[in-house]
Amino acid sequence: MALYHTHRPQTFDHLTDQAHIVITLTNQLINNKTAHAYLFSGPRGVGKTTTARILAKSLNCTHKKEGTANPCNTCNSCTEITNSRSIDVIEIDAASYTGVDNVRENIIDSAQFKPTMSRYKIFIIDEVHMLSTAAFNALLKTLEEPPKYIVFILATTDSQKLPATIISRCQRFGFHKVSDEEMTKHINNIAKIEQIKIDDEVVRRIVKKSEGCARDAVNLLDQLMAAGDAHITIDSASYILPTTQIELQMNFVEKLLKKQDRDALAQISDMVLQGMNLPHFTRELIEFMRVLMIARVDIELAQKEIDLSKEAGQKLKELVSISSQSEICTLIDITLRRNGEIKTSPLPQLPLEMLVVEWCIHDDTQKVLIQPQAAETKNTPIMSDSKDTQLESQLEIVQGANTRSIDQKTFESKWGDCLKEIEVQTPSLVFILKMAEFIQIENNVVQFSVPYDFHREKLMEKITKEKIELILSNLFGSIVLI
């Protein structure tokens, strides 16, 4: 039997880190003021169904002591509920039985008959948000005015999908993720019962990886114990609990922060060749950027959010030192937008590549040399971060030459040479221009169509526009505008 079945709590006292719910339910049971319908909502694996079963046992327990809430767990009713054999406690998986016919057959029709052996007939409906609209409508009347011997316990991981009419007829209890401190106690307690010695570092890794889900934590411990070791060390656990594959995200973010566009594009190319799931990579990339954003404020809080080895933790600190909060926020915004384009992109890697270029493009304009080649004029190379007036003066040099009209055929014949020259001087811009569609040239004004607003905005920036016009004008020996 799986470890989480063996150590599943059987009384309210053994529930992990849900004291706010335990106190309310035990007071209701002690004072005989229980409700006819409950709604347990919260993350997976934190005790919703377990609490529902304990409540069901307590309501039908025949040996429960006066003034107490916990079931005896020894009477026939408790034993049958524990073993899922009770005919008066009906558990329904709404994810499998979503239709109205199943609700009528398993709930509405059954509710007309009194319990066979117990005080209450109890319906535990798991993942209740999966029911269809028609099923909810059919359930509503019975839920609103059930017979006195009926109790409903609804459990869901997504209460927002429940109709307000259903929620309003239930007492609602919100379960939360188990805290790291309580989870640590829980794992150590199970290890002690199982007579297993486990290193503190291993427990810490289990707690991090479980992300507040008690069931996941116990399952991880079960996998570690399957090796048969009486003492679980960090070395032996590393095969079952490998560090999250965060290195890819870290390396990619480092390249972005250092504006290493060539290396970042090369990494994307390598991931494509390896057959990596790019949508999954991008989601994890966003998650890591969030951690990095938090780390800029509180490094300890960030390290609680993600399972990192000591080396990865040091790397996180290095990334914090070379980034600013505004950079990270902007990078997250761009990545979120590009992530939404992956599904519709003809090439799944294209939005990621555009992310790299979009982020690094302004840095390229600070590095690239513009080298005008006007006839009969010897020009000194000008850095691209120079003042606008310097670019304008270069255009004036071209304008001073003989101006001649350029027709569409001439322009198209030399467009390839234009792209080569632009690629030499401004690699990031040629990426955009290669995606552009040439429309026409009239009166030496070139018209393009680009697929994205960002591309249009970038090309029409004053300094960028003048750079391209200067390169085109030099090549054609006549003023060309875009």
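Q: What share of the 482 residues in the protein chain is made up of buried residues, and what makes a residue buried?
A: In this predicted model, buried residues make up 48% of the 482 residues.

Q: Why is Ile-190 called buried?
A: Ile-190 has a relative accessible area of 1%. The cut-off is under 20%, so Ile-190 counts as buried.

Q: Where is Ile-190 found, and which residues is Ile-190 in contact with, leaving aside neighbours within four places in sequence?
A: Ile-190 is found in helix α8. With those neighbours set aside, its contacts are Leu-3, His-7, Val-218 and Leu-221. Contact here means heavy atoms within 4.5 Å. Ile-190 and Leu-221 are 31 residues apart along the chain, and 9.0 Å separates their C-alpha atoms.

Q: How do helix α8 and helix α10 pack?
A: Helix α8 (residues 180–193) and helix α10 (residues 214–225) pack at an angle of about 35 degrees, and their axes are 11 Å apart. Seen as a crossing, α8 passes α10 in the right-handed sense. On the α8 side, the contact is made by Met-183, His-186, Ile-187, Ile-190 and Ala-191. On the α10 side, Ala-214, Ala-217, Val-218 and Leu-221 take part.

Q: How many residues of the contact of α8 with α10 are nonpolar, polar or charged?
A: Eight are nonpolar, one is polar and none is charged.

Q: What span is expected for helix α2, and what does α2 reach?
A: Helix α2 (residues 19–30) has twelve residues. At 1.5 Å a residue, 16 Å is expected, and α2 reaches 16 Å from its first C-alpha to its last, close to that expectation.

Q: Which residues of α2 are buried, and why can we say that they line one face of the helix?
A: The buried residues in α2 are Ile-21, Val-22, Leu-25, Thr-26, Gln-28 and Leu-29. Looking down the axis of α2, they fall within an arc of 160 degrees, so they line one face. These buried residues pack against β1 (37–41), α3 (48–60) and β5 (171–174).

Q: Which residue with a positive phi follows α2?
A: That is Asn-32, with a phi near 55 degrees.

Note on methods: Residues are numbered from 1 along each chain as its sequence is written. This is a predicted model: local features need pLDDT of at least 70, side-chain atom pairs count only at pLDDT 80 or more; totals for chains, interfaces and linings use all residues. Side-chain values use heavy atoms; hydrogens and water are left out. Helices (H or I, at least four residues) and strands (E, at least two) are DSSP runs, numbered from the N terminus. The expected span of a helix is 1.5 Å times one less than its number of residues. Buried means under 20% relative accessible area, exposed over 50%, partly exposed in between (1.4 Å probe, protein chains only). The arc is that of the directions from the helix axis to the C-beta atoms. Axes are lines fitted to C-alpha atoms, for helices over the stretch in contact, and angles run from 0 to 180 degrees between N-to-C directions. A crossing is left-handed if the near helix is turned anticlockwise from the far one by less than a right angle, and right-handed if clockwise. Ala, Val, Leu, Ile, Met, Phe, Trp, Tyr, Cys and Pro count as nonpolar, Asp, Glu, Lys and Arg as charged, and the others, Gly among them, as polar.
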